[in-house]
Amino acid sequence: MEGAGSFGAGRAGGAFDPVAFVKQPQTILRILSWVFSIVVFGSIVNEGYINNGSERLHCIFNKNNDACNYGITIGVIAFLASSFFFVLDIHFPQISSVKDRKKAVMLEIGFSGFWTFLWFVGFCFLANQWQRTSPEDLPLSQGADAARAAIAFSFFSIIVWAGLTVRAVQKYLLGTDMTLFTTDHLDGNATIQPYPTGSGMESTETYQSPPFTENLQTSPKGYQVPTY
């Protein structure tokens, strides 16, 4: 990964480069996860329900409403999470606290790994229910393209979210370059400057007379003080 510093980012307060940010693999994966989630839940919402000879709408996945609800739920949450982490990626280099950076990376690892698993479950669930769907339930193959799109992009989402998990783990393993941070960034406390070890005071054992002072009781040699 590029750049030395804390969890893949340099010193806090640096200038933001949008071109370099967009070119990062993590940003590309984040955008793909955002787009794929829209395709999944958008396909199911728009064409995932049909009314085959009845007023009640049925899910195109073997008339199993749980399959449609699952695909919509994980797609919408993935869309919101991708937006959240995209904003977090932008502000991550501006986070000065090492502890806060570590928490953000651990949150990303946990969520990305968990959502990779949920996308895998969703792909298997939708593919299984679509395989059990009879042609009689879909007159004129109504909604077939939407079902295939939801299944395909669920599979693509597994790869993308797994890639995001790997990138987050790499950032965590990269750790922290402590030279980029002061003590107050690490523990939240201000740095206390120690007192100098050398003596800052001169010794008072030796007394020196003030300048221009002499013994007034002694007169110059050969001179008598007149008396009045």
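Reader: How much of the chain over residues 70-92 is helix and how much is strand, and how far apart are the end C-alpha atoms?

Author: This is a predicted model, so the values describe a prediction. Over residues 70-92 the chain is 96% helix and 0% strand, with 32 Å between the end C-alpha atoms.

Reader: What does UniProt list for "transmembrane region"?

Author: The unreviewed UniProt entry lists residues 31-50, 70-92, 104-130 and 150-169 under that name. In the model, residues 31-50 are 85% helix and 10% strand, and the end C-alpha atoms of that span lie 31 Å apart.

Reader: Now the rings. How many aromatic pairs are there?

Author: Pairs are counted by the distance between ring centres, with a limit of 6.5 Å. The count comes to 15 aromatic pairs. In one of them, Y70 and F125 have ring centres 6.2 Å apart and planes at 75°; planes over 60 degrees apart count as edge-to-face, so this pair is edge-to-face.

Reader: Which helices hold Y70 and F125?

Author: Y70 belongs to helix α3 (residues 65-91) and F125 to helix α4 (residues 98-131), so the pair ties together parts that are 55 residues apart in sequence. F125 has a relative accessible area of 23% and is partly exposed.

Reader: What is the geometry of the pair formed by F84 and F85?

Author: F84 and F85 are also an edge-to-face pair, at 5.2 Å centre to centre with 70° between the planes.

Reader: Is F85 buried or exposed?

Author: Residues under 20% relative accessible area count as buried, so F85, at 3%, is buried. F84, at 46%, counts as partly exposed.

Reader: Which charged side chains lie over the ring of F92?

Author: For such a contact, read the distance from the charged end to the ring centre. K171 has its charged end over the ring of F92, 4.7 Å from the centre. R101 lies over the face of F92 as well, at 5.4 Å from the ring centre.

Reader: Last, the cavities. How many of 30 Å³ or more are found?

Author: Searching the whole structure gives one cavity of 30 Å³ or more. The largest cavity holds about 40 Å³ of space.

Reader: Which residues line the largest cavity, and of what classes are they?

Author: Its lining consists of I50, N52, H58, C59, I60, N62, K63, T133, D137 and L138. By class, four of the lining residues are nonpolar, four polar and two charged.

Conventions. Residues numbered from 1 in each chain as written. Predicted model: local features only at pLDDT ≥ 70, side-chain atom pairs only at ≥ 80, totals over all residues. Heavy atoms only, no water. 1 Å grid on protein atoms, 1.4 Å probe; cavity = no way out; pocket = protein on both sides within 12 Å on 5 of 7 lines; lining within 4 Å. Points joined across faces, edges and corners; volume = space filled by probe spheres on them. Nonpolar A, V, L, I, M, F, W, Y, C, P; charged D, E, K, R; others polar. Phe/Tyr/Trp six-rings, centres within 6.5 Å; stacked < 30°, edge-to-face > 60°. Helix = DSSP H or I, 4+ residues; strand = E, 2+ residues; numbered from the N terminus. Buried < 20%, exposed > 50% of the residue type's maximum accessible area, 1.4 Å probe, protein only. Lys NZ or Arg CZ within 6 Å of the ring centre and 35° of its normal. UniProt positions renumbered as here; feature names shortened; annotations may be inferred.
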